[in-house]
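Here is my notebook page for this one, written up as I went.

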Amino acid sequence: RRKAQAKRGSSRRKREPAARPPRQEARKPPKERKKEKEVVATSPREELRQIFLRFAVELAEAEDTADLVKVLVAVDRYVDEVMAVKNRQ
C-alpha cells in the first residue's frame, strides 16, 4: 500500500489559504473617524461602561493584525480615562 501511495503521491492534499474578501474602502485612522454621538454619562459606572465599550468597538473594528496592535498599544489611553473617572469619585 505504501508503494502505491508513493507512486500516486500523498493521499492528503494541502489546503490553500483562505482568500480574504477585498476591502470595501480604506479605513481611516481612529482620530479621523467621525465620533459617534456620545452618551452623557450620569454616573461613574456609566462613564466606565462607555470607556470599555469604546475599547471593545475599536478592537472589533480592527481588520488586520496591524490595526489590532495599534488598539492594544493605545490601551494606556483607556487606563488613563478609567483612572480619571476613579479619581473623581
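Among contacts in the protein chain between residues at least 6 apart in sequence, what percentage join residues at least 24 apart? I got 61%, taking contact as heavy atoms within 4.5 Å.

**Ground rules.** I am working with a predicted model, where local features need pLDDT of at least 70 and side-chain atom pairs count only at pLDDT 80 or more, while totals for chains, interfaces and linings use all residues. Residues are numbered from 1 along each chain as its sequence is written, and side-chain values use heavy atoms, with hydrogens and water left out.

**Layout.** I found four helices and zero strands in the protein chain, running α-α-α-α from the N terminus on. Helices (H or I, at least four residues) and strands (E, at least two) are DSSP runs, numbered from the N terminus. Of the 89 residues, 10% are buried; I use buried for under 20% relative accessible area, exposed for over 50% and partly exposed in between (1.4 Å probe, protein chains only).

**Helix α2 against helix α4.** I looked up how α2 (residues 44-61) and α4 (residues 75-88) pack: the angle is about 175° and the axes are 9 Å apart. Axes are lines fitted to C-alpha atoms, for helices over the stretch in contact, and angles run from 0 to 180 degrees between N-to-C directions. The two helices are therefore roughly antiparallel, a label for angles over 145 degrees.

On the α2 side I listed Pro44, Glu47, Leu48, Ile51, Phe52, Arg54, Phe55 and Glu58, which meet Val75, Arg77, Tyr78, Glu81, Val82, Val85 and Arg88 of α4. Sorted by class, this contact has nine nonpolar, no polar and six charged residues. Here Ala, Val, Leu, Ile, Met, Phe, Trp, Tyr, Cys and Pro count as nonpolar, Asp, Glu, Lys and Arg as charged, and the others, Gly among them, as polar.

**Rings.** How many aromatic pairs does a search of the whole structure find? I found one. Phe55 and Tyr78 sit edge-to-face, 4.9 Å centre to centre with 65° between the planes; rings of Phe, Tyr and Trp (its six-membered ring) pair if their centres lie within 6.5 Å, and planes over 60 degrees apart count as edge-to-face. Phe55 lies in α2 and Tyr78 in α4, so the pair ties together parts 23 residues apart in sequence. Both Phe55 and Tyr78 are buried.

I also noted the charged end of Arg77 over the ring of Tyr78, 4.7 Å from its centre. That needs CZ of Arg within 6 Å of the ring centre and within 35 degrees of the ring normal.

Lys86 is in α4 and counts as exposed at 52% relative accessibility. Its C-alpha atom is 9.5 Å from that of Arg45, 41 residues apart along the chain.

Methods. Angles under 35 degrees count as roughly parallel, over 145 as roughly antiparallel, 65 to 115 as roughly perpendicular and the rest as oblique. Rings of Phe, Tyr and Trp (its six-membered ring) pair if their centres lie within 6.5 Å; planes under 30 degrees apart count as stacked, over 60 as edge-to-face and the rest as tilted.
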